[in-house]
Amino acid sequence: MNGAGEGRPVAVEAGALAGRPFRYFDFMMAAFVTILLLSNIIGAGKRAVIDLPWIGPWPFGAGILFFPVSYVLGDVLTEVYGYGRARRCVWAGFAALLFMVFMSIVVVALPPDAGWTGQAAYEAVFGQAWRIALASLCAFWAGEFANSFVLAKMKIMTQGRWLWTRTIGSTIIGEGVDSLIFYPMAFLGAVGWTTHEVLIVLGTQWVLKVSWEVILTPVTYAVVGFLKRREGVDVFDEQTDFSPFRARV
């Protein structure tokens, strides 16, 4: 096996790396969970609008600006470290989201001091409805696992070539699953949302998320190349157990 940063990475089966330490895996997991939490706290519930030429006002979910980066990182994690380690990151993100929901409920519900006037604003920002919280958890879990599974399988099919086909292809599936679960579950029938608006935002989110992946493809290539060279391996999930409920790498 090549040393870190020396020559080309060595192609290995994921199972042969059980217990092997990696230099940058912890940093990638931290970045993945951080972006996931912040995009859900700040952008998930806001419907923004832009005025498109020849089309007019077009609504979209504000989280689109940053949430797709978590899928890019999910692609990088699966491509560089394999499905098993990406699965651990998904579960870490799911646990972080679950705790965020729990903490929001508890903190918002605490009786405010008589001299504090920020309760209404606090509830507006952090008081997520149970529907949005549940939809976020379900959509993230299903979408990320679909994304990672498709990428890992496509890597074997393409024999590690044409990285762009699997990053974009997995995002089409993963983000599609995410959007199809989140928007109907969170907003269909909710006050201020018509069925037409839900469908428009759902479709817009999906197209924009996939477009983000396409735009960021050169960055994905650079990050994947750097990490593979530094870690010294190119992981293939030929004998991996793809069950999302398995915790072991």
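1. A nonpolar core is a set of buried Ala, Val, Leu, Ile, Met, Phe, Trp, Tyr and Cys residues joined through side-chain atoms within 4.5 Å. The structure above is a predicted model, and its largest nonpolar core has 33 residues. Within this core, M28, F32, L77 and Y81 touch the most other members. At least two core residues come from each of helix 1 (25-42), helix 2 (68-81), helix 3 (83-109), helix 5 (130-157), helix 8 (217-231) and strand 4 (233-236). Helix 3 contributes the most, with seven residues. As background, nonpolar side chains tend to be buried together in soluble globular proteins.

2. Which residues is M28 in contact with, leaving aside its neighbours within four places in sequence? They are L73, V76, L77, Y81 and L227.

3. On the helix 1 side, the contact is made by F25, M29, F32, V33, L36, L37, N40 and I41. On the helix 3 side, the residues are R85, R88, C89, V90, A92, G93, A96, L97 and M100. By class, this contact of helix 1 with helix 3 has 13 nonpolar, two polar and two charged residues.

4. Are helix 2 and helix 8 roughly parallel or roughly antiparallel to each other? The two axes come within 10 Å and cross at roughly 30°. Angles under 35 degrees count as roughly parallel, and helix 2 and helix 8 are therefore roughly parallel to each other. Helix 2 passes helix 8 in a right-handed crossing. Helix 2 makes the contact through V72, V76, E79, V80 and Y81, and helix 8 through T220, V223, V224, L227, K228 and E231. The contact of helix 2 with helix 8 includes seven nonpolar residues, one polar residue and three charged residues.

5. Helix 3 also meets helix 4 (residues 119-126), and their axes come within 10 Å and cross at roughly 165°. Angles over 145 degrees count as roughly antiparallel, so helix 3 and helix 4 are roughly antiparallel to each other. The crossing of helix 3 and helix 4 is left-handed. Helix 3 takes part with S104, V107 and V108, while helix 4 takes part with Q119, Y122, E123 and F126. The residues of this contact of helix 3 with helix 4 are four nonpolar, two polar and one charged.

6. Where is S148 found? S148 is in helix 5. Buried means under 20% relative accessible area, and S148 counts as buried because its relative accessibility is 4%. Not counting residues up to four places away in sequence, S148 touches T78, Y83 and A86.

7. G232 is found in the loop between helix 8 and strand 4. G232 has 1% relative accessibility, so G232 counts as buried. Between the C-alpha atoms of G232 and Y83 the separation is 17 Å, and these two residues are 149 residues apart along the chain.

Technical notes. Residues are numbered from 1 along each chain as its sequence is written. This is a predicted model: local features need pLDDT of at least 70, side-chain atom pairs count only at pLDDT 80 or more; totals for chains, interfaces and linings use all residues. Side-chain values use heavy atoms; hydrogens and water are left out. Buried means under 20% relative accessible area, exposed over 50%, partly exposed in between (1.4 Å probe, protein chains only). Helices (H or I, at least four residues) and strands (E, at least two) are DSSP runs, numbered from the N terminus. Contact means heavy atoms within 4.5 Å. Axes are lines fitted to C-alpha atoms, for helices over the stretch in contact, and angles run from 0 to 180 degrees between N-to-C directions. Angles under 35 degrees count as roughly parallel, over 145 as roughly antiparallel, 65 to 115 as roughly perpendicular and the rest as oblique. A crossing is left-handed if the near helix is turned anticlockwise from the far one by less than a right angle, and right-handed if clockwise. Ala, Val, Leu, Ile, Met, Phe, Trp, Tyr, Cys and Pro count as nonpolar, Asp, Glu, Lys and Arg as charged, and the others, Gly among them, as polar.
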